[in-house]
Amino acid sequence: MKIIPGKRNDSVLFYHNGFKYLQDYQCKKVARCSYGKSGCKATLHFVSEIEFIANFSELNENVDFFIKNNHSDFPEEDADVWRAMKKVMIEEAETTNEKLVDIFDDVCSRFPEVAENHIYDSVRSTLSRKRSLSRPNIPDTMAELGADLIDSIFMKAAVKSINGKTALIFSTNDLLIGLSESDKLFMDGTFSRTARKPKMEQIYSIHFKTNNTYIAGLMILMENRDTEMYNAIFPG
Ligand SMILES: [Zn+2]
């Protein structure tokens, strides 16, 4: 007896000899064949109430549980269970930012008996491809990024230097007010966290101090950092 992932989040199915059973919410000791809606009358009867069973893998047929009525459907293989687990992993890869290996470990830990024959390398490339397909395309250049964000309320300006390089300036109206009311500003440039795509050379920030806290009032993504670029950002 194993438990395997169901269709809904956190739902589980009981898996035994190739058949899947869904818990009957009226009767606390009974689960029904997953093909019950298609007419299968097979049921799984536990000796204990399901919610009090700690380890399903230790249960023995005809001791701890009984199958009543013959199945009208056919048994599935472990491969089907693994397929269901992979579906859960893919969904989590697409909808969360969890590390892929952690998603794999998490799903496997929920279904250890089926998982033991599978390694991370067998799903790594699928998960990583599905994740990148589910994400928006990353623009190649700073100019394209600026065009993509033209309607964003956080991008306050896209400037171009006479050398044709782009810088994008991010802030909010409240932060701009904070900056303008502050008598002391703190400038800082960082190179270590810049993106390789779109290629940028510097993230420039201007902080102001309020109530003894430093707040980043302005962030500028800079394609390069020559004099012409600074002249374009800070004209006059
Ligand atoms: Zn059945």
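Predicted model: local features only at pLDDT ≥ 70, side-chain atom pairs only at ≥ 80, totals over all residues.
Residues are numbered from 1 along each chain as its sequence is written. Helices (H or I, at least four residues) and strands (E, at least two) are DSSP runs, numbered from the N terminus. For the protein chain the mean pLDDT is 91, and 100% of the residues reach 70 or more.

Six strands form an open sheet in the order 1-2-3-4-5-6, with antiparallel pairing; two strands pair if DSSP finds at least two bridges between them. Strand 1 (2-5) and strand 6 (65-68) stand at the edges, and because each has a single partner strand, one side of each is left without a neighbour in the sheet. From one strand to the next, the twist averages 35°. Strand 1 runs antiparallel to strand 2 (residues 12-16) and is joined to it by four bridges; Leu13 of strand 2 is the bridge partner of Ile4. Helix 1 (residues 78-95) packs on this sheet, touching strand 1 and strand 2, and its direction makes about 40° with that of strand 1. Axes are lines fitted to C-alpha atoms, for helices over the stretch in contact, and angles run from 0 to 180 degrees between N-to-C directions. Residues are in contact if their C-beta atoms, placed from the backbone, lie within 7 Å.

A further open sheet comprises five strands in the order 7-8-11-10-9, again with antiparallel pairing. Its edges are strand 7 (155-160) and strand 9 (185-190), each with a single partner strand, so one side of each is left without a neighbour in the sheet. The twist here averages 20° from one strand to the next. Strand 8 and strand 11 (residues 213-222) run antiparallel and are joined by four bridges, and Phe170 has Met219 of strand 11 as its bridge partner. Helix 6 (residues 173-181) lies across strand 9, strand 10 (202-210) and strand 11, running at about 110° to strand 11.

Helix 1 also packs with helix 2 (residues 100-110), at an angle of about 145° and with the axes 10 Å apart. Met85, Val88, Met89, Glu92 and Ala93 of helix 1 meet Leu100, Ile103, Phe104 and Val107 of helix 2 in this contact.

Key. pLDDT = per-residue confidence, 0-100. Contact = placed C-beta atoms within 7 Å.
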